[in-house]
Structure formats: structure tokens, C-alpha cells
Amino acid sequence: MNQTLALDVGGTKIDICVFDERATLISSKIVPTDQLSKGSLKFGDDLGDLITHALSPDISHVTIALKAMVKNGIVLQSVLLGGRVDAPLARELTNKCGKPVAIENDVVCMTKAEATFGKGKNCESFVLLNMGTGIRLGF
């Protein structure tokens, strides 16, 4: 099968979900973020362990929505990893897990999902304003 393992990594919890090729939710679970080494680069290693344990033969790739500044799979800054890190986390996790891993900012992911499956599905233009711990705009 062509399933996706998707993680939404936030400051308090990590949502771990498996979706089929039609984006239908197959399974989900929540892990407290505090179970990982928050505030250090070891957080990335812990995340890799979490992914490895969640993988099955049906999963073809992994996507991660991360509370961070991300550019081309490189985490530029994240409090979860200890601040400014410039860590090539997508490549490191791909190597560790043996599956392609894509990483993007969580609000960018939310915007893309909402534009594809939600309120923005039939809109020519779409903007999302996320008001959480901070405020972020996605378009």
C-alpha cells in the first residue's frame, strides 16, 4: 500500500497518524512532547525513534509538521531542538528511518491541508490566520 505516516509535532503533544492514498485516516495516537528531549538536538534523534516504531511495511513516506522555521527540510530554528540549529533533519530522519521524510512548518502544513481538503478547497485564493501561542499567517 501507499500509506503516509504523518506527525504533527507541537510543544505539548505529537499527533501520529497514518493515512491511506485517499487521505483517509487509518489510525492515530497522541504522545506527549515531554517524552522526547525537548530543547536539544537529541529531540531529533528521539523523533526518529518514534517514527521508526510507528513504521509498517505499508508506509511509503513520512511527513512532519513541526513547530519550527523550516527551509527545504532544514530546521533553521525551533525551541524543540534548542533554538537556532540549522539541522538537516529531513535528511537525517530519512537516513534513520529508511523512508523519505518531508518536514515543513506546522502552520504551512495546516494551510496546505485546509486549502486542499477544507474551507479553501474551492477558493481561488486562500489565507489562514493561526492564533495559538503566537500568531502566524499561511497563504
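Buried means under 20% relative accessible area, exposed means over 50%, and partly exposed lies in between. In this predicted model, K96 has a relative accessibility of 39%, so K96 counts as partly exposed. Its salt-bridge partner is D49, with N and O 2.7 Å apart. The pair ties together distant parts of the chain: K96 sits in helix α2 and D49 in helix α1 (residues 42–54), 47 residues apart. D49 is partly exposed too, at 35%.

## Other charged pairs

The count of salt bridges comes to five. One of them joins D15 to K13, whose closest N and O atoms are 2.8 Å apart. Here D15 is buried at 18%, whereas K13 is partly exposed at 36%. K38 and D34 also meet in a salt bridge, at 3.3 Å from N to O; K38 is partly exposed at 38% and D34 is exposed at 61%.

## The sheet

Let's turn to the strands. Five of them form an open, mixed sheet in the order β3-β2-β1-β4-β8. At its edges lie β3 (25–32) and β8 (101–105), each pairing on one side only. Neighbouring strands are turned by 15° against each other on average, direction ignored.

Within the sheet, β1 (residues 3–9) and β2 (residues 13–19) pair in the antiparallel sense over six bridges, and L5 stands opposite V18 in β2.

## Helices across the strands

Helix α2 (residues 89–97) lies across β4 (59–66) and β8, at about 150° to β8. Helix α3 (residues 106–117) lies across β1, β4 and β8, at about 100° to β8. At the start of α3, a side-chain oxygen of N105 comes within 2.8 Å of the backbone nitrogen of V107.

Terms used
Residues numbered from 1 in each chain as written. Predicted model: local features only at pLDDT ≥ 70, side-chain atom pairs only at ≥ 80, totals over all residues. Heavy atoms only, no water. Pairing = 2+ DSSP bridges. Helix = DSSP H or I, 4+ residues; strand = E, 2+ residues; numbered from the N terminus. Axes fitted to C-alpha atoms, helices over the stretch in contact; angles between N-to-C directions. Contact = heavy atoms within 4.5 Å. Polar contact = N/O pair within 3.5 Å; in protein donor to acceptor, adjacent residues only side chain to side chain. Salt bridge = Lys/Arg side-chain N within 4 Å of Asp/Glu carboxyl O. Buried < 20%, exposed > 50% of the residue type's maximum accessible area, 1.4 Å probe, protein only.
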